[in-house]
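Thanks, everyone; I would like to take a few minutes to walk through some local details of one structure. Please have a look at it first, and then we can go residue by residue.

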Amino acid sequence: MRHFLVCFTQPENYKVYGYLTNTKVKFILVTTDLDVRDADVRNFFRRFHSAYVDAVSNPFHVPGKKITSRTFAENVSTIVKSFGLSSAG
């Protein structure tokens, strides 16, 4: 399984990363952490992609509709809060 990660732009105040899955789903990450490591970005997208797959695999989810799962929202919140913590310190 091949995924693509790219840093689109690096203006003065933030970085924008894009992630493309093998099923053509696109995720965008915008961060003000200019010292973020690529490994942290990859880990973020890996975890986010996993949470997304779990959410859309729910038999009650309607493809193309907003994900309304509370579990998905909690997982995303945890992933976002932990972003970059491995490089802090």
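Predicted model: local features only at pLDDT ≥ 70, side-chain atom pairs only at ≥ 80, totals over all residues.

K15 counts as buried because its relative accessibility is 9%, where buried means under 20% relative accessible area, exposed over 50%, and partly exposed in between, with a 1.4 Å probe and protein chains only. Residues are numbered from 1 along each chain as its sequence is written, and side-chain values use heavy atoms, with hydrogens and water left out.

K15 sits in strand β2, residues 15-20, a strand being a DSSP run of E with at least two residues, numbered from the N terminus. The side chain of K15 reaches the backbone oxygen of L34 at 3.1 Å, and the C-alpha atom of K15 is separated by 8.1 Å from that of L29, 14 residues apart along the chain.

Turning to Y14, this residue lies in the loop between β1 (4-9) and β2, and Y14 is partly exposed, because its relative accessible area is 35%.

And what about T21, buried or exposed? T21, in the loop between β2 and β3 (26-31), is buried, since its relative accessible area is 4%. The side chain of T21 also makes a polar contact, at 3.0 Å, with the side chain of T23; that term means a pair of N or O atoms within 3.5 Å, where, within protein, one must be able to donate a hydrogen and the other to accept it, and residues adjacent in sequence count only if both atoms are side-chain atoms.

Technical notes
Helix = DSSP H or I, 4+ residues; strand = E, 2+ residues; numbered from the N terminus.
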